[in-house]
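Have the picture handy and follow along as you read.

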Amino acid sequence: MSRTTLGSVSDLVLRADAVLAAERLAPDEPAEDFGRLRGHFALHLRGDDVHLLVRDPLGVNKLFFALGPDGEIDSSNHLVDLVRAGHRPARIWSVPSGHLVRIWPRARRLVLEKHSALAFADDAPADAAALPSHAARIRARLDATFRALQPLLAGRPVYVTLSGGLDSTAVAALAKLHLERFVDRFVGITFSVRDESSEPEAEPGTDGYYARRVAEGLGIPLELVELSADALPDLVDEVLLAGQDFRDFNVHCGLVNAALARAIAARTPPGSARPVVLTGDTMNELMADYTPVSYGTSQYYALPRLGPGRLRRFLVSGLDTGDREVGVFARHGVDTIQPYALHPEVYTALPGAFLELEGSKQRLGRLVMGDLVPSFIYERPKVRAQVGGSNKVGGTLAALVDRGIDAVALERRFCQLTGFAPDELKRWIRAGFYRFTATYPEEQRFQ
Amino acid sequence: MSEDIERAVEEFLRARFRVRPDDAEFNRDVNLWEAGYVDSVGVIELIAFLERTFAIALPEEILFDPDFTHIRGIARLVARFAVDAA
């Protein structure tokens, strides 16, 4: 029995608020046992004649596999590893989030089982009286999660990505409360596209400005990573491959993380403990807190035309695809932990109607975090990391679009790098899922 | 029942994705994804429409089912899950 054969992504398996060694899991465990696990994991366990491939409930860690001519099974966190190992893209499949795949190669049999299903309160009415109890449950889970991380992170350098928004600030505040005293180094880190015409750090409205205020408010040292807009296209290939996605919103976000990952790797002396980055990611999906962005004459980051309750379900399931955080940081030897993704059920239990209320996230944030978060953060307008500021659209989105690197160019480059035919991309990601199979691949004809 | 479902799906697709009435390529057997009638965002709206209209829950497993590429196949899937839900 062994774990994933290829790939560089670390697994985090939690059971009952404790970190569990993945090696303790067996390939013949029933699906419901895996349903009790939380974390970010993508495992390939081998028995005498069976392979089990299993992925975490939200699909934070990616897991791809391909079958060789004699039934041998290659797996990896990275699609490109399998391509480089000689597998044709059309013969590579993903294990969907919250699922496991058992394969008996000699019997040419494959079974896909769902081990984890989140309950979404899509249609529940917004009950103001119930909000404090939701908030209390969320805070209890977050506190337990951060305490569970203490032994895992002890003695390691820990970075918290700070955008100056509520989600990352709350993670930073909880990390300071529960983790700072255990880790080797506890630092906030933020990214800015260098603007030659101004002082980005000092300009009110930018992420850098708010991140600095947050760091000062929480008493955390802050490192600013700056890159000129002209330097960003050089990172695109890396982000397409490590981020495993060609869609512009994920590439733009992945560029921010690639710049941060490079900076962290450069600051990590050889032989030192593997650095960890904590991020506020997945909260936007869990709270359906996304909107399209207008830049120039175009609109970017289109969303399905659905109410927030229903939209949340699709945004969360869409985490199956895109590796803009974990994959991109792992490319530089940095582990990623997304605390909100470790217990998503406390967020999906929030009524869909609550998400429709103006300021719902800030209202919930105040109840969950209270004075632990600087008060000005609750007033700050929502900003996406790849946009860069609340006063104007900039960041990596503008940097790429201004240089002619649009959605079509990203798709084309992804195909060049991975060997996918352009038509193949339409079969590769559908409704936020990478292509998967429910039967032994030889028997399946994919459309 | 299948004809009713096919008609409802076709009407939704024509209206939502602005299929021209004189589009000779569009029919109930055309591959909606490969012919470009529905994109990655649109497929989510289609699933939401099917679940809402026919009071069913579609599992992820249908996404890469060969039937889930054209109107006739989608209607078959809906009919199957409607029976399961009843």
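Predicted model: local features only at pLDDT ≥ 70, side-chain atom pairs only at ≥ 80, totals over all residues.

Chain B has a mean pLDDT of 93, and 98% of its residues reach 70 or more. Among the elements of chain B, helix α1 has the highest mean pLDDT and helix α3 the lowest. For the complex, the predictor gives an ipTM of 0.90 and a pTM of 0.93.

| Helix of chain B | Residues | Mean pLDDT |
|---|---|---|
| α1 (highest) | residues 2-16 | 95 |
| α3 (lowest) | residues 71-85 | 91 |

**The shape of chain B**

Now take the contacts in chain B between residues at least 6 apart in sequence: 57% of them join residues at least 24 apart.

**A closer look at helix α2**

Helix α2 of chain B covers residues 40-54. At 1.5 Å a residue, its 15 residues should span 21 Å, and the end C-alpha atoms are 22 Å apart, so the two values agree. Which residues of α2(B) are buried? They are B:Val43, B:Ile44, B:Glu45, B:Leu46, B:Ile47 and B:Leu50. What do they pack against? Within chain B, the partners are α1 and α3, and from chain A they are α9 (308-317) and β18 (429-430). Just after α2(B) comes B:Ala55, with a positive phi of about 50 degrees.

**Where the chains meet**

In chain B, 16 residues are in contact with 21 residues of chain A. The chain B side of this meeting place divides into nine nonpolar, three polar and four charged residues.

**The largest nonpolar core**

The largest nonpolar core has 149 residues, and those with the most contacts inside it include A:Val158, A:Ala172 and A:Val239. Helix α7 of chain A (residues 248-266) gives the most to this core, with 11 residues. Setting aside neighbours within four places in sequence, A:Val239 is in contact with A:Val251, A:Gly254, A:Leu255, A:Ala258 and A:Val328.

How values were computed: Residues numbered from 1 in each chain as written. Chains lettered and ligands numbered in written order. Contact = placed C-beta atoms within 7 Å. Nonpolar A, V, L, I, M, F, W, Y, C, P; charged D, E, K, R; others polar. pLDDT = per-residue confidence, 0-100. Helix = DSSP H or I, 4+ residues; strand = E, 2+ residues; numbered from the N terminus. Expected span 1.5 Å × (residues − 1). Buried ≥ 20, exposed ≤ 12 C-beta atoms within 10 Å, placed from the backbone. Core = buried A, V, L, I, M, F, W, Y, C linked by C-beta atoms within 7 Å.
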